[in-house]
Amino acid sequence: RLTLQVLTESNQQPVADAHVSDRFVVKRTLRRDKRTSWEAKTNRKGVVVLDGIPFGAVKVQVIAKGYQTYGDQHELSKSGEEFTILLKPPQGQASAY
């Protein structure tokens, strides 16, 4: 079981309806019939709970309208892991010209 809470970085407010994608980093020894990815949306409190995720490395990506996309790898080592993800506002474009 993995619990993710998605908040804004500036004022720690929950981000509702953020798309959360988790992909288990799979070694080639796992069979094809095992599930390796999960997708869900956060609720009004900015929380999503995913069940059935195996231990090991998980790549987490969060996409929400009006925020930078978040992507990082987390290590799941025990049951009931909880992570808080802080989303930043979009940055201005930079140009070399």
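This is a predicted model: local features need pLDDT of at least 70, side-chain atom pairs count only at pLDDT 80 or more; totals for chains, interfaces and linings use all residues.

Reply: Residues are numbered from 1 along each chain as its sequence is written, and side-chain values use heavy atoms, with hydrogens and water left out.

Me: Why is the pair of D51 and R1 called a salt bridge?

Reply: The term requires a side-chain nitrogen of Lys or Arg within 4 Å of a carboxyl oxygen of Asp or Glu. The closest N and O atoms of D51 and R1 are 3.7 Å apart, so the pair qualifies. The two residues are 50 apart in the chain, with D51 in the loop between β4 (47-50) and β5 (56-63) and R1 in the segment before β1 (2-8). The structure holds 1 salt bridge.

Me: What makes R1 count as exposed?

Reply: Exposed means over 50% relative accessible area, buried under 20%, and partly exposed in between, with a 1.4 Å probe and protein chains only. R1 has 52% relative accessibility and therefore counts as exposed.

Me: How do you know that S21 is buried?

Reply: S21, found in strand β2, has a relative accessible area of 13%, and because the limit is 20%, S21 is buried. Its contacts (heavy atoms within 4.5 Å), leaving out residues up to four places away in sequence, are W38, E39, K59, V60 and Q61.

Me: Why does E81 have no salt bridge?

Reply: E81 lies in strand β7 and is buried. The nearest side chain of opposite charge, K78, is 5.5 Å away, which is beyond the 4 Å limit, so no salt bridge is assigned. A polar atom of the E81 side chain does lie 3.2 Å from the backbone nitrogen of S77 and one lies 3.4 Å from that of K78.

Me: What makes the largest nonpolar core a core?

Reply: A nonpolar core is a set of buried Ala, Val, Leu, Ile, Met, Phe, Trp, Tyr and Cys residues joined through side-chain atoms within 4.5 Å. The largest such set here has 20 residues, and L4 and I85 are among those with the most contacts inside it.

Me: How much of the chain is buried?

Reply: Buried residues make up 32% of the 97 residues in the chain.

Key
Helices (H or I, at least four residues) and strands (E, at least two) are DSSP runs, numbered from the N terminus. Lys and Arg count as positive and Asp and Glu as negative; His and the chain ends are not counted. A polar contact is a pair of N or O atoms within 3.5 Å; within protein, one must be able to donate a hydrogen and the other to accept it, and residues adjacent in sequence count only if both atoms are side-chain atoms.
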